[in-house]
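Please load the model in your viewer and keep the selection panel at hand. The stops below are meant to be followed in order.

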Amino acid sequence: METVTLTIDGRQVTIEKGKTVLQAAIESGISVPYYCYHPGIGIDGSCRVCIVKIEKMPKLQTSCSTVCTEGMAVSTRTPDVVEARAGVFEFLLINHPLDCPVCDKGGECPLQDFSYAFGPDLSRMDFPRRVFDGDGVRGDVDFGPTLMLNRQRCILCTRCVRFMRDVDADAQINIIDRGYGSEIATFQEEGVHSLISGNLMDVCPVGAITTRDYRFKSRPWDNPLAADTICTQCAKGCNVTAWIKAKPEWAKGSQLIRFTPRLNPDVNDYWMCDIGRFEYHWIEGERRVRKPLERQASGVQQPVSWDDVTAKLCDRLAAAGTSNPDGVRFLLSAHASHEELFLFKRLTEELVGESGPAAISVSWRYREKQQPAGTKFKVPAVDAPNVNGARMLGLVPGAPGDEVRGADVTALRQAVEAGRVTALYVFDPGPDGSLGDTTWIVEARTRGPLPLLIVQGVLLTDLARAADFVLPGASYVEKEASYTNGHGRLQGTTRAIPTPGDAMEDWQILVNLGTALGVAFDYKSAAHVRSDVTGRFSTITELQGLSTLAFNKPMEARHWLQASNPSERWKWDFMFQDLPPVKGNVDPTSLPLPPGAIPLKEV
Amino acid sequence: MEPLLTRYVREPNAFTLDFYLRHQGYEGFRKALAMTPDEVIEAVKASGLRGRGGAGFPTGMKWQFVDKKSPNPKYIACNADESEPGTFKDHLLMERNPHLLIEGCAIGCYAIGAKIAYIYVRGEFLHVQEVLERAIAEAYARGFLGRNVLGSGFDCDVYVHRGAGAYEAGEETALLESLEGKRAQPRNKPPFPAVVGLYNCPTAVNNVETLSNVPLILLNGAEWFAGLGPEKNGGPKLYCVSGHVRRPGVYEASMKITLRELIEGHAGGVREGRTLKAVIPGGSSVPCLLPDQLDTQASFDGIQKAGSLLGSAGIVVLDDTTCMVWLAENLLHFYRHESCGKCTPCREGTDWLHKILRRIEGGGGQLRDLDLLSSISGNVAGKTLCAFGDAAVTPVLTTLKHFRHEYEAHIREGRCTLPAPWRATRALEGVH
Amino acid sequence: MSFHPKMAYDATFQKSARPLEDEGPAFVYTPANRARFDEIVRRYPPDRRRSAVLPALYLAQQQQGYITANAIRHVAGLVGITRAEVEDVVSFYTMFYTKPVGTFVLQVCRTLSCALNGAERVTEELSAKIGIPPGQTDPSGTFTLLEVECLGACDRAPVVMVNDAWHENVKPGDAARLVDDLRSRGEAALSGCHHVIEQKR
């Protein structure tokens, strides 16, 4: 890597050639404010708050648009810079409503934080502020199916305009009018219609764009915990953060409150899609199965204890297996993790022998998404996180990297409809619909050809309602589980919240069931299962990472509060690696200030 | 000095190709085609021609910076978006002598290796566009434009592109954005247009008067051209004199001329019974000069030495009936209206300044407003993406500097202290 | 459920107060305008059709008098950009009208040199004569009165641009006559830039 070395505030900084002064400052932990620049969207040079002094240049320069050169001497804290920067902040705030107490961004707002650190002590503006659609939150207007827009708060950084133009490749957001009258808008107020619209809330450095899902639901300081995990709703495997809101003392527990994307240049960059972001309510929804269910003779499903359900289930399964060893079949969702797929495979091998896994079919939903042709964030058509995992375990034909189309379960369906299946065990860890069409199973069970239906899953779907036994499992934020995404990348989820009611992590359900069926499963944990996977599949290199795969834990959201806007998280995750205040041993505040520098206020 | 650029503008058919050809038209272009492109650039450099759009940057240098090694096409973008208040020279040139500009465009294309020149004409100049289109059609018909121009093997197209009402489109990168079909907002520099310009290709952006001078250099030689004016201020110059003078108009002169000769000589001085109060020598964006500075040489360097800028040579003459607070308000209304809104200080600052000026002019100002005006102006100047910010605050700073007493009188008396008869009789209304 | 007591945000979300473009009737270029557009677009590289957006909008305005939402849709399709991008351009430039304007649009230059020579008075006289403040169209739809910024003819101040024709050296006392003239003679009363007039003589 070719590098250049420059000094910023007297500190020597070496950085990749071609990077800008702002990037150099960020990477070396020197605080320079910015709004229009976003690492995923690029440079605009319009907000002007990142101005710095560069020796030998007559005017102050915007650091975002100035490329580092060898020996360049930059100051960010000399009086002229401090004063000029404060002047720009004054301009940003003369029309910005000070409705922070009712603004969703409050507490994680770069305009608040940077104004606090760099802005003037008071505003000299004594004219009424600009009002577009109504005062305060009454200025919030429809901005499409997922978003709301408040034009008063907008500082015209144009990140949203450029995101839609350059990342989504469908320029739906425009500026109308010009100069002091400029506003963000969509054609005829149609709003933003995009599969990745939620990212606009992340990139907005103020509370101008908010999501309908999250607005007025929580405040950053009411979300004490956050867990870095992955989204499993499709084959992409976006790296995300699950935010957990504390419930009041009397209500106990916590609540999943939002998902935000987490930078991973190899997977999802700075973005995630709206499906992963907004379609999570089923996890803590009314339809969640919280207790094992058993269908009574009356036809009604009744909650029962795990002991009861396991015993009865084993009897029925054993009976079905004894009468017709080929009659017991398994239908697994490709939402099943490696651990779960492996345990099903082991179970069939132990019970039937080498040919056992032939009883397993894997299914998933395949939906082409409507997206602009040039989009830089393509949402895969495969709505399942682990088709490649199922392939490596030999449950689905093909190798990782081969193209994936729709799942083929016609053989199973024919067998079921022909009455050749005596028991069908379905594993469906959600969300609803991710198995693809299941009406034929419901049909077969109600009309008769299928005598026994067992569903292990999370939601009381139509399928689960038709089942003789329902075993409540865990969703992807309630367990540590591993998946291989569409590009063959091995990743793990985090146990962000506990399983509800009597629901159990799926590996545990399978181990208990196996034990009850007489299989000598001695797995003590999911990790234990994983190490057995690597042991038994030692030739599949892609699976070897399972033994070292690290799983995150929900963490105190304190450092995210410092980092403020979730979209700025990349600073902490990526650029401030090994730098304070996250970790490391270099404290920039302990370094001597350059002559004439004005110390910063502590944030 | 005999007029060169505007010599024939009063002739009835000066805009026709026949007339132009009878007066050495396209001779300079023929000479250029006999030279190498580098020789043409050298000649323009040697002539000392400086950009007539406002910045006064040497044209030859600008052409030399065009990235010849780039595999992309090169372009000439002629800045004919003449919008600086007080400026109307390009208007005249294009309308009465369009072939001079077309010839300049063709020579420019040849010099920098471009095949296409776009003339970006401001939208309000529909009649100018019509004249240019007709002249271009004539030039195509006679082989001065098109494929294999004059048998030289050089291809050259010239197109007119009509703007649609935006002062900011006169900023060179904003002009390119507008040409690309976007809002006229400036780009970050560097990269400069010479490297990344129109359609991301190397582009030379030149003013109308600048390009119109190029045929003269080729025709009569660089040395002759340089000798027309004082050192480093060669060639003829068009001056636009307007405001409170007897004979407003475009006057062509050597840059050896003084402001006094232009204002009192050519333009006939201020009207009967009035006295000179101040002169804005280079369009509304430059500081004003006072009557005792009239003997300043009206060259780039002369006016700079006197504390202002030649800019676009739009000389606005102000007599003693002019209220300088009103003037600042009038111009800030312009800048507030024309600010493209891309960068924060300009977008917010021009509006704020205008509101304060309106309050003072309306009699509601306070003394602390004056410090506020200077402070806000200081926060805009030098902090913006393009030069617009500096231009916009100049009327405020220059009037505050020289005429602070008028501001104070407004505030003291709670009304405008110099309501001239040529101004509106109505009270100031809300901003519209 | 919201913890914000006053803000209703269930099924009905507040709509923007921004006045939207008039949808207008279905819009498509006349064959002549379409041919003109096809000719203009050839001036730009084939992959840069967007450059033709300003000329394309002029043609639409010429055809229909002002730019409607349907015209924006048509232009967007022709130059290959989104409707939002076209609207962005339309709203930026002052010469595109998004509301119907009068038969004659009187645009008085209000900037310095014209103002120094009485432009403010001209506006006042025009306003009094037509009976509308600047920025409005009279009820009969004949006149729209606008104040515009520097038109670049400061030596002929004050300048009034009527549609695309220039009326120069307009004194406050000439205002009433100009209006009468336009009323009685229609387009024949339109002048032109002084250079154009000189050529006609």
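Begin in chain A by selecting the open sheet of seven strands, whose order is β15-β14-β20-β19-β18-β16-β17 with mixed pairing; here strands are DSSP runs of E of at least two residues and helices are runs of H or I of at least four, numbered from the N terminus, and two strands pair if DSSP finds at least two bridges between them. This is a predicted model, in which local features need pLDDT of at least 70 and side-chain atom pairs count only at pLDDT 80 or more, while totals for chains, interfaces and linings use all residues. Residues are numbered from 1 along each chain as its sequence is written, and chains are lettered from A and ligands numbered from 1 in the order in which they are written.

Colour β15 (301-303) and β17 (360-363) of chain A, the edge strands of the sheet, each of which pairs on one side only. Looking across the sheet, neighbouring strands are turned by 15° against each other on average, with direction ignored.

Next, select helices α8 (residues 338-352) and α14 (residues 526-536) of chain A, whose axes come within 10 Å and cross at roughly 70°, the axes being lines fitted to C-alpha atoms over the stretch in contact, with angles from 0 to 180 degrees between N-to-C directions. The pair therefore counts as roughly perpendicular, a term that covers 65 to 115 degrees. Show the side chains of H338(A), E339(A), F342(A) and L343(A) on α8(A), and of A526(A), V529(A), R530(A) and V533(A) on α14(A), which make the contact; residues are in contact if their C-beta atoms, placed from the backbone, lie within 7 Å.

Now move to the boundary between chains C and A, where the contact takes 21 residues from each of the two chains. On the chain C side, select helix α4(C) (residues 83-92), which supplies the largest share, seven residues.

Finally, display chains B and C together, where 51 residues of chain B are in contact with 44 residues of chain C. On the chain B side, α5 (89-96), α7 (126-141), β3 (157-162), β5 (236-243), β6 (249-254) and α13 (324-338) each supply at least two residues, and the largest share, six residues, comes from α13(B).

Key. Angles under 35 degrees count as roughly parallel, over 145 as roughly antiparallel, 65 to 115 as roughly perpendicular and the rest as oblique.
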